Amino acid sequence: MKNYFRLGLLIFLTPVLLWLVLLIVIPHIELLLMSLKGTDDYGNPAWTFSHYATFFNEKIYWYTFVRTAVYALATTFLTFLVTFPVAFYITKIVSKKFTGFLTILLLMPFWVSELVRVYGWMILLRESGVINHILISLGIINTPIEMLYNDVTMMMGLVYTSMLFMAVPLISSLEGMDDSLIEAAHDLGASPPTIFFKIIIPYASHGITSGAIVVFMLALGNYLTPTLMGGKNSLWFTEQIYNEFIASFNWNQGAAFGFLLLLLSSFIIWAGLKLTRQELGRALS
Amino acid sequence: MIRTLPQSGLYKIAFRFYVVLFYIFLFAPLIITCLLAFNDSSFPALPWKGFSLDWFLANGPDRVGLFHDRSNLSSIVVSAQTAFWVSLFSVVVGTMGAFLFEQEDFPGKQGLYFLALTPLVIPGVILGISILLTANSLGIYFEDNFGLDVPFLRPSFWLVVLGQFSFITTFVLLVVSARLKKFDRSLEEAALNLGASRFEVIRYITLPFLRPALIGSGAVAFLMSFENFNTTLFLVGSETTLPINLYLQVRDGSTPIINAVSFLLIVSTSTIALINLLLSNRKS
Amino acid sequence: MKRMLAAATIAFIGFAATSAQSAETLKILTWKGYAPQELVDKFEKETGMKVELTYTNNEEMIAKLRATRGAGFDLAQPSQDRISSVQAEFKIYQPMDYSKINGDQIIGSMLDAVKKNTKVGDDSYGVPFCYGTSGLIVNKKLAPEANDYTALLDKTYEGRISYRLKRPTLIGLAFAMGDDPFAKYGDPTAYKALMDSVAGKMIEAKPYVKNYWSNGDALLEMVRSGEVTVAMGWDNGGWKLHGENPDIDFVAPKSGALGWIDTFAIPAKAKNIEGAYEWINFMLKPENAAVFTNAEKYATASKGAGEFLDKEVAGNITRSFTEADIDNIKWYPPVGADIEQLEGKILDTVKAAN
Amino acid sequence: MKNPVLEIEHLRKIFGNFVAVDSLSFDVEEGSFFSILGPSGCGKTTLLRMIAGFLSPSDGVLRIRGKEMNSVPPNRRPVNLVFQNLALFPMMNVRDNIAFGLKRQKLDKKTITFKVDSILERVHLQGYGSKQVAQLSGGQKQRIAIARSLVLEPSLLLLDEPLGALDLKLREQMKIELKKLQSEVGTTFMYITHDQSEALVMSDTVAVMNKGRFEQIDTPRELYSNPATSFVAGFVGETNILPVKVISNNPLKVATLFGLELAGVTAGETTKAKELDLYIRPESIMLDPDAGLQDINKFSLHIQNILFDGSNTKVLATIDKSDTEITVALPQSSQFAHIKKGSVVSAGVHADHCRCYARG
C-alpha cells in the first residue's frame, strides 16, 4: 500500500526535480561562480570579487542599473494607470454582451510576437514614418519630427508590450467582484472616489500585485524594446549584459551583471510583496 | 459608477472616448504593419504607391518575396519545431508538477513549489545566459575529460528548446494546478473503488478532467515559445528562430518583407484565436 | 480513430521537423550581403550542397563561435584583425590549409598580409575575401563641408548625424584628433587616455547625434530619406546610395579612411570542411567575385575580377579617393582582447552619458 | 451468526495524537442492512474509508469473506462505496459511468451492455444510458451512483451518507427505495449516517458510534426502547433529561432538583453514584392517565406552548410549579383537543420508562 503510492510520488517527482535542478538551480550557481572567477596578478585563474568591484566603481554601470530599475518601476505603474480603466470598463460598465468580445480584442495583439509590435511602432513613429507623413499632409507640421529613439517613446513601447499582463489579472479579479459590493457602498452614501479607493482597489489588490510582478519582470528583463526604440541615451541593463557577453567577450563580468540583475529583481519583488503583504505563491497563481 | 448605477453623461462619454483611444493605440501598429505589407514600395513607409503582392510572391532580383525568402521561411519552420517540442515537454512535465504539488505530500514540498515558481521572476536574459554558461562549462568538461562532444551542450536547436522549456513549464504548472485544484478527489477514489488502477484513474478520470487546461496551456506554451526572444537570444545556434531572425533584419534595416511575415503571423494567430473563441462559445 | 490520426500527425510533424536537416549543408556565418542569392543558387546547382546563411557582425560572430566552441558552422567571415587574439584565447578556428585554396585567383599581396596578420603559432587562419574602408557617407547638398571625422561632432549638422557606437568610430575620431591609436595598441594606459579624451568629445557632441546606427541598411535608409546627412559608414554603402541619388557619396576623411579586410576562416569543429574550401574557391573566382562586387560594391580580393566589373562600380574608387587618400588609408592591425574590453567600457560610457 | 461478510478485530486508527477509531471489533452478517449511526466526528467515515481501503489501519485486522484485506489496495477489494457527494464522473454519460468498473474487469462488450441494462432497469432508469450526468435530477443521480457500485456485485456495499444532499421529501422517498432495493438484490449494505431516522428505518442492525467506539449494536427497536448507554438514549430518538438525586435503591426512587419524587429503573452500567440523569421519552408521558394504572409516577403539567406538526405534534410544558420544561408527545385524537397554552393537565409516566443513567 505504502510502496504503491511512493512509486507515484517518484514518477511525478523525478522529472520536476530534473527540470528544476538541471535547468534552474545549477545554471544559477554556475552564473554565480562564473561571476567570481577571474585571474590574479600573474594571469592564473583565481576567485575574485573584482567584477563586482568594477560594477560599483564604474559610475556608468550602476547608473544604468538604477536607471533600468526606476524605469521598470515607472513602466509598471504607468501600465496599471493605462489598463485599469479599460479593465474596469470591460468588466463593470459596458453591457455584458460586449465583455467577451472586448476581452478577446484586448488579447489579440499579444498573440503576435513582441518584435512585430515594436516594429509596427517604428514604422509609425520614425521621422519618415506614417504619423509624420500624415501630419505633414494634413499641414499640421512642416518638417518631420523624430518621435523614435527617446526615453518617452521607449517607455510607451514598454507599456504597450506589457499591457496584457496587467489587463488579464485585473479583468479576472474585477470579474470576480460582485457588483452588489459597489451598489451597497453607493447605497450607504459613499462617493465614487471612496468606493474606488476603499472597495475596488482593495478588492483587486490581488490582481494588481500579480500583474505588477509580471509587468515589472518583463520591463526589467526586456531587451528588444529598449534596444530598438530607445535612443542614444537609453542604455538598458540587459543590453549592458549582452554587450559584456558579445562585444567585450567578458563572460565573467557579464555573469556578475546578470547576477546583480537577478538580485535586483528578487529584491524589488520581495519588497513589493512585503509592502502589500502578499505571498509569491498566491500572487502568481 | 457601474452599469447598474446612474451615470452622468459626461462620465459615460469620457470613459467611452478613453476606451476607444486605447483600442486604437492597441491596434494601430499592427494594422499599419499589415497594410504596408501590400505597399508597392521598397520601404515600409508611406506614401502609398499602390497595391502589390511583391513582398509575398516576387522572386528577385530586386525584390524577394516572403515565399521565396529561404531564411525567413526556414526560421518559421525552426520556430514551429522549437515550439512543438517545448510545448510537448512543458505540458508533460508541468502536468506532472501539478500532480506532484496538488496531490502528493513529501518533506520540502513548500520549498520545491517556491523553486518551481521562480522561473517566472527570473529575467529571460538571465535564464538564457545562465543556461548557456552551464552548457558551456559542461561541454568543455566533457570534451577535456572524455573527449566527448555533446551537441546539445552548445548553442543549438535543443539548447533553445531546453532554455524555453525551463520557464514555460512554470506557466503550464500554474494553469494545470489551477484546474486540478477544482478537481474533486472523491472522483479518483470512486474510480479506484470501482477497480481502476492508479494509472487507469489518471488515464480515464483525471486527464479527461484536465483536458481543457492541457490544451489551453499547450497552446499558450506554443505561442510563448514561438515568440520568445530574450532567452533564445543567447542559446540560438545555426538554426535561427523567427523572432531572432526578424530582430536581425529589423536591426539591419527593414524591407517590407518583415511586414509580410508579420502579416502572416497576425492573420494566422487571430484566426486561431477566433476559432478557439467560436469553439468555446458553442460548447458553453 | 480520430485521436490516433491526430497523434500520428503530431508525431510526424515532430519527426519530419528534426530529420529534415540531413541533406549535406554548408552553414556559413557571415555578413549580410556577402553571399548574394544569385551566387548561392549557382553554387548549390554546381555542388548539390545546400547553403544556410546566418547574418551577423564581428562581435557576434566571435561570441557565437566561442559559445559553440567552434561548432555549428562550416565557415565564418571575420575581419582579419579580429582573428589572431581570439584564436589564441579560445581556439575557435582550425588552421587554414592553403594548399586547398586556389591562390592564383587572389591578389598576392593581400593574401600574404592576411596570412601574416592571422598567424598564431605556426599556423595561419584566414583567406582574404573583400576589403573596404570606413569613412563618411555624406549628403553633399546638405553638408558640403563635411570632409573629416570631426564632422560627426559638428553642431552644424545637429540631429542629422549618425554613427556606429563601435570601435571604428573611436579610432577614426582619434586619427582626426591628430593621434595614432594603432601605435598605442601595445600600451593600454596610453591607449585608454587617448580614448577617454575621444569619448569626452563624443559625449560633449552627443546632443547633435540623431542615433547610433547598428547595421548597414538601417543607416542607408536614414541617409536615403534625408533623416541623416552625415554618417560614418562603409564605402560601399555610400556608393550604393550614390547610384540612387548623386548628391550622396562616400567621402574619404582627410585624416585617413580606415581600411579593413574581411576573410574566410574555418571554425574548429566545422563539419563540411570540403564544402567550406569549395565555397572559398567559388567565391574568389573572378566572374563570381565580380557578381558580388557589382551587387554590394565591396572591393574583392579576387585578382581577375576587374574585367567583369560594371563601369560605374569601377569608377567609385577614383571618385572617392585621390592617390593621397589611398596612401593615407589606415589598415587595422590585429587587436588584442584587452584593448577591446577597454573600448567596450568607453563605448558604454558614451551611450549612457547624458 | 451465519456467514459474516465483514469481520473486524481490534481495529484502530490514530492520526497524530487523535484516536479516530478505537479498537473496534464487530462482524457484519451476509445479506443484512447494517448501519453505523453517530454524530459527525465520531470516526464513522474513518472506519468506512479503512474498509474501502483509502486509509490503512494503525492496528487490527479487517477480513472480508474470511480474507484479510489489510494489504489489499482499494481497487482490488470486493467492496464498493457510494460517496457522500456521489462522485459521478462528469466527463462520462450514465452508461459509461456504470460500465466503468466493468470495463476495468476487462469484461467483453456484450456482457457489459447486458449488465448495465439490467442494473438500469433495476433502479428504474431504463433508457437513461445516454444522458449526461448533469441532466439528471438529484434522486436519479443517487440511483445511478448506487447502480454503478451494485453492478460490480460487491461482497459489501458501503454507503457514506448518500442521502445527505437531497431535500427532505426526496430523502424520505429514497429511504424506502433503498430498503426495498437492498432486500431485492440481497447485497450486504453498510450504511453510514448521522441521521437516526435513516438508520432506524432502513437497517436490520444499527451500531451507534461515539468517539471512535461502538456504544451499542442492536436492532432498531431494541436501540430505541432499550438504549444501553446514556449516549445512545440521548442520541437515538428524542428524550427529556432531568438531573436527579437517588433517595433509595431497590426499588429505585429518585428526586428531581425541584423536589418531585419518581420511581425509576437503572440502565446502562451500574453505578453507586448519588446523582443520576433521568431519561424520559416524550411519548412515554401519558396525559390524563387512568387512575387504576400501577407503578405510575404522577405530576401535573403546565402547558407553555404547542408545537403543531401533524401526527408528530408535541407540547412544551413545565412540571408542577417548577421552571423545568419538558417535551411531551400529543396524540392527535380529539381527546386532547381542548389542551391549550396555559392549561394545566395531569400526567403520568410508568416507572419502567424512567430510565436512570450514570451522569455522563
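## The interface of chain B and chain A

Across the interface of chain B and chain A there are nine residue pairs in polar contact, both residues being at pLDDT 80 or more; a polar contact is a pair of N or O atoms within 3.5 Å, where within protein one atom must be able to donate a hydrogen and the other to accept it, and residues adjacent in sequence count only if both atoms are side-chain atoms. On the chain B side that touches chain A, helix α1 (residues 9-36) gives the most, with 16 residues (helices are DSSP runs of H or I with at least four residues, strands are E runs of at least two, and both are numbered from the N terminus). By class, that side of chain B has 59 nonpolar, 20 polar and six charged residues, where Ala, Val, Leu, Ile, Met, Phe, Trp, Tyr, Cys and Pro count as nonpolar, Asp, Glu, Lys and Arg as charged, and the others, Gly among them, as polar.

The contact (heavy atoms within 4.5 Å) takes 85 residues from chain B and 96 residues from chain A. The buried area between the two chains is about 8300 Å², with carbon and sulfur atoms giving 80%; this is the accessible area (1.4 Å probe) lost on putting the two parts together, summed over both. Zero salt bridges are found across this interface, a salt bridge being a side-chain nitrogen of Lys or Arg within 4 Å of a carboxyl oxygen of Asp or Glu.

## Basis of the values

This is a predicted model, in which local features need pLDDT of at least 70 and side-chain atom pairs count only at pLDDT 80 or more, while totals for chains, interfaces and linings use all residues. Residues are numbered from 1 along each chain as its sequence is written, chains are lettered from A and ligands numbered from 1 in the order in which they are written, and side-chain values use heavy atoms, with hydrogens and water left out.

## Salt bridges in the chains

Over all chains the structure holds 39 salt bridges. One of them joins the side chains of C:Arg82 and C:Glu59 (3.2 Å, N to O), linking the loop between β3 (75-76) and α4 (84-90) of chain C to helix α3 (residues 58-68) of chain C, 23 residues apart. C:Arg82 is buried at 3% relative accessibility, and C:Glu59 is buried at 9% (buried means under 20% relative accessible area, exposed over 50%, partly exposed in between, with a 1.4 Å probe and protein chains only).

The side chains of D:Lys314 and D:Glu238 also meet in a salt bridge (2.9 Å, N to O). Because D:Lys314 lies in strand β17 (residues 314-319) and D:Glu238 in the loop between α8 (230-235) and β11 (240-248) of chain D, the pair ties together parts 76 residues apart in sequence.
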